[in-house]
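Dear colleague,

Here is the structure I promised to send over. My notes on it follow below.

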Amino acid sequence: MGGYIGRFNGDTFHYNVLGWKEGAPELRRAGLVSALYLNALKRAIRRGMRHFRMGGIPPYLEDGLLIYKSKWNGRLDVARSDFVSWRVGIDPSQPSIQRFFQQNSLIIKNSEKGCFDVIGDKNPADLFLRPEVAKSIGSWRKLASLEASKTASKIAPTSSEG
């Protein structure tokens, strides 16, 4: 009904991907995903693994996969986060950006401080974060409100005149 692909590396089992028959939601609701994780965990224990990497998550605190994995004592791991960093400019006056950050709290790796930072409009107290996840968060930043972005000074265009 389902399966997973994982690999052993040193003392760590890496759970890479899972799948189930036709992605049927009723199989997920019936506990197939948990059964696959449990099977992999038992296999890793039998092989003497000390660490079990559950795989990545989308970078949002509200994501169901993060919530699910945190129930297994999963946590954000700066040292083993191997995704490539990227930069993006965000204009908080754009309604689509405001909607995005009203719904999502974006997790950003802060390699310099050895933690993760969060950008989002929600208050940290409004989200239930398990202690293992909460202790990896160094700072929480809110975007400027629409009114603040309207009154913020703008950079003048560069003149082509010498």
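Predicted model: local features only at pLDDT ≥ 70, side-chain atom pairs only at ≥ 80, totals over all residues.

**Two loop residues with positive phi**

Glu 22 sits in the loop that links E2 to helix H1 (25-29). The phi angle of Glu 22 is near 55 degrees, a positive value in a residue other than glycine. Most residues other than glycine have a negative phi. Glu 22 is exposed, at 78% relative accessibility.

Asn 73 is a further case. It is not a glycine, yet its phi is positive, at about 70 degrees. Asn 73 belongs to the loop between H3 and helix H4 (95-103). With 47% relative accessibility, Asn 73 counts as partly exposed.

**The chain as a whole**

The chain holds six helices and six strands. Starting at the N terminus, the elements follow the order β-β-α-α-β-α-α-β-β-α-β-α. The chain has 162 residues, and buried residues make up 28% of them. Take the contacts in the chain with a separation of 6 or more: residues 24 or more positions apart account for 48% of these.

**The E4-E5-E6 sheet**

Three strands form an open sheet in the order E4-E5-E6, and the pairing is mixed. Strand E4 (106-110) and strand E6 (137-141) are at the edges. Each has a single partner strand, so one side of each lacks a neighbour in the sheet. On average, neighbouring strands of this sheet are turned by 25 degrees against each other, direction ignored.

E5 (residues 115-119) and E6 run parallel and are joined by four bridges. Within this pair, Asp 117 stands opposite Ser 139 of E6.

The loop between E4 and E5 contains Ser 111. Ser 111 is exposed, with 54% relative accessibility. Ser 111 and Ser 81 are 30 residues apart in sequence. In space, their C-alpha atoms are 9.7 Å apart.

**Salt bridges**

How many salt bridges are there? The count comes to two. Side chains of opposite charge can pair when their charged atoms come close.

Lys 122 is in the loop between E5 and helix H5 (131-134). Glu 62 is in the loop between strand E3 (51-53) and helix H3 (64-70). The pair therefore ties together parts that are 60 residues apart in sequence. Lys 122 is partly exposed, at 22% relative accessible area.

Arg 141 and Asp 117 also meet in a salt bridge, through their side chains, at 3.8 Å from N to O. Arg 141 lies in strand E6 and Asp 117 in strand E5, so this pair ties together parts that are 24 residues apart in sequence. Are these two residues buried or partly exposed? Arg 141 is partly exposed, with a relative accessible area of 45%. Asp 117 is buried, with a relative accessible area of 7%.

**Nonpolar cores**

In soluble globular proteins, nonpolar side chains tend to be buried together. Here the largest nonpolar core has 14 residues. Those with the most contacts inside it are Tyr 4, Phe 13, Tyr 15, Leu 36, Tyr 37 and Ala 40. E2 and helix H2 (32-46) each supply at least two residues of this core. H2 gives the most, with six residues.

Which residues does Tyr 4 contact, leaving aside its neighbours within four places in sequence? They are Phe 13, Tyr 15, Val 17, Leu 18, Leu 36, Asn 39, Ala 40 and Arg 43.

**Thr 12**

Thr 12 is part of strand E2 (residues 12-20). Its relative accessible area is 3%, under the 20% limit, so Thr 12 is buried. Its side chain makes a polar contact of 3.2 Å with the side chain of Asp 11. Not counting residues up to four places away in sequence, Thr 12 touches Arg 7, Met 49, His 51, Arg 53 and Arg 80.

Best regards

Definitions and conventions:
Residues numbered from 1 in each chain as written. Heavy atoms only, no water. Pairing = 2+ DSSP bridges. Axes fitted to C-alpha atoms, helices over the stretch in contact; angles between N-to-C directions. Buried < 20%, exposed > 50% of the residue type's maximum accessible area, 1.4 Å probe, protein only. Polar contact = N/O pair within 3.5 Å; in protein donor to acceptor, adjacent residues only side chain to side chain. Contact = heavy atoms within 4.5 Å. Core = buried A, V, L, I, M, F, W, Y, C linked by side-chain atoms within 4.5 Å. Salt bridge = Lys/Arg side-chain N within 4 Å of Asp/Glu carboxyl O.
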